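Here are some questions and answers for a reader who is new to this structure. The sequence and model come first.

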Amino acid sequence: MIDYFAIALTHFLLALAAWRLMARDDLDADPVSPADGPADGDLRG
Amino acid sequence: MPIRYRRRMALPTAICVVDLFLAAFVLGLLALGLRRPFIWLLTYLYIDIVAPQKISYFLLASIPVSLIAFAAAFMGWLAIDPKQDSRFTFRQALIAMLLAYCGYTTLVADFPVEAAEKWSWVWKALVFAIFLPLALRTRLRLEACTLFMVLSAASIIITGGIKTALGGGGYGELRLLVNDNTGLYESSIISCVAVASIPLILWLARHGTVFPRDWRVTVFAAALCFACLLIPVGTEARTGLLCIGVLATLALRTAKRRFLYAGLMAAAALATIPFLPESYTARMNTIENHKTDESASTRLAVWKWTWDYAQRHPFGGGFDAYRGNKIRYEIDMPETAGSSTEVDSVYIVDESRAYHSSYFELLGEQGWPGIILWLWLQLLGLWQMERIRRRWKDRTGEGEQWQAPLATALQQAQAIYLVGSLFVGIAYQPFIYMLIGLQCGLWSYLKRIDAPKPARVRREIKPLQVPAA
């Protein structure tokens, strides 16, 4: 029973997350480029 | 092939329902991917962590779902996703080198059949870690990956947490969805991964946009963190206790009121002890007295063997090279008679004992080149996350609040893994390579959006020199 509860709860949340992601345009492209922020250094590794 | 044990279930109908449910869920995700191919990548994350084909009896168990999801994710990215924002980072190159080297050692392995079997899943984890950052082009994708990793692991953690809370734990006895001691279902591995997930859960609860912060998210996150903490108790894996200690120490670094936090942690730890099962406290006591514990003595003997092996085979013996070991070690057996206790030393001879440490696993299997590449990959990750944290932590602008906490969470999760790895052989654990993939994706994403803007070309108009007549 506990197994079924854990599976049902997490899979419901995963499905809900996937469904919500479908409606989000910013999944494939950031809406506003944060490149407008500070731009004085570099981040090289 | 790992031996699979079928689960005992009361009702055949329940088996059918679970099978149909899991199959419908995977098919549903694959169908959503037709409109948004990135969902296929999330599907692969889910399949690799939960392994629904192991929970299933007939439907998913008979289909190579993992391969299908991987092919769909990769082809979807290759064919449809824009590539202009994808960057290949240095750490991905390190993983590619490690992959190539592992491929080479598999060809010349001491135990070719066993090595080929381990290679069959290791290469997928490494290739996916190379590929994942290329697809993580937006903030939402980074969040979605973190969310799917956490919720997928949660399906194992929640069941373990509830069973532990109801008194169903015990060393080697806590059953996690399936009776299969591989992947995340192994007790020491899930203990380490569960504790390493806590920083990610907290980040999602504070900065998530798919499930924005509200009371339901907070309650779920708190309950899930509690379940994560219960997993080391339920599995009685000593590594888990160590991981909790690392997490508590690391959290001190970012806590605003450190003294209050440290006091609360100490009080919580003291208050918990009376509620812990007796078998748990007895097992944890063996941490400090390893000479009476066979498991700990075996580890020390295997590590010594591996060190000697690496001197003779500096380029490694390929996957599962430990199978060639024969070790002899001494343990103390205390015998109490009346008021006196005598300690007898007993010699135990053992063979083919696993490494029980990721560091020695790398050293024995991939030799010095392998462990150097792996350590480089790991340490560079810690350093890169630290760079991001320092660079973004004081920013207050809109959309600039989530970066430093995510870097911190990924750094903490990795540090917990690195400490847990001291005592568990999880050098190629796919969950960790997903974490590394996320780190590479975050590093690459922030490097791109935070790059200096190209300087404007100033045109200076010089007055026209008119030659004197």
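Q: How many residues of chain A are in contact with chain B, and with how many residues of chain B?
A: This is a predicted model, with an ipTM of 0.84 and a pTM of 0.85. By class, the chain A side that touches chain B has 17 nonpolar, five polar and eight charged residues. The contact joins 30 residues of chain A to 42 residues of chain B.

Q: What percentage of the residues of chain A count as buried?
A: Chain A has one helix and zero strands. A residue is buried if 20 or more other C-beta atoms lie within 10 Å of its own. Of the 45 residues in chain A, the share that counts as buried is 20%.

Q: How are helix 7 and helix 9 of chain B oriented to each other?
A: The axes of helix 7 (residues 139-165) of chain B and helix 9 (residues 215-235) of chain B come within 8 Å and cross at roughly 65°. Angles of 65 to 115 degrees count as roughly perpendicular. Therefore helix 7 of chain B is, relative to helix 9 of chain B, roughly perpendicular.

Q: Which classes of residue make the contact of helix 7 with helix 9 of chain B?
A: The crossing of these two helices of chain B is left-handed. Among the residues in contact are I157(B) and G161(B) of helix 7 and F226(B) and I231(B) of helix 9. By class, the contact has 11 nonpolar, four polar and one charged residues.

Q: Where in chain B is confidence lowest?
A: The mean pLDDT of chain B is 85, and 85% of its residues reach 70 or more. Confidence is highest in helix 5 (residues 90-107) of chain B, at 96. It is lowest, at a mean of 68, in helix 12 (residues 278-285) of chain B.

Technical notes. Residues are numbered from 1 along each chain as its sequence is written. Chains are lettered from A and ligands numbered from 1 in the order in which they are written. This is a predicted model: local features need pLDDT of at least 70, side-chain atom pairs count only at pLDDT 80 or more; totals for chains, interfaces and linings use all residues. Helices (H or I, at least four residues) and strands (E, at least two) are DSSP runs, numbered from the N terminus. A residue is buried if 20 or more other C-beta atoms lie within 10 Å of its own, exposed if 12 or fewer, and partly exposed in between; C-beta atoms are placed from the backbone. Axes are lines fitted to C-alpha atoms, for helices over the stretch in contact, and angles run from 0 to 180 degrees between N-to-C directions. Angles under 35 degrees count as roughly parallel, over 145 as roughly antiparallel, 65 to 115 as roughly perpendicular and the rest as oblique. A crossing is left-handed if the near helix is turned anticlockwise from the far one by less than a right angle, and right-handed if clockwise. Two residues are in contact if their C-beta atoms, placed from the backbone, lie within 7 Å. Ala, Val, Leu, Ile, Met, Phe, Trp, Tyr, Cys and Pro count as nonpolar, Asp, Glu, Lys and Arg as charged, and the others, Gly among them, as polar. pLDDT is the predictor's confidence in each residue, from 0 to 100.
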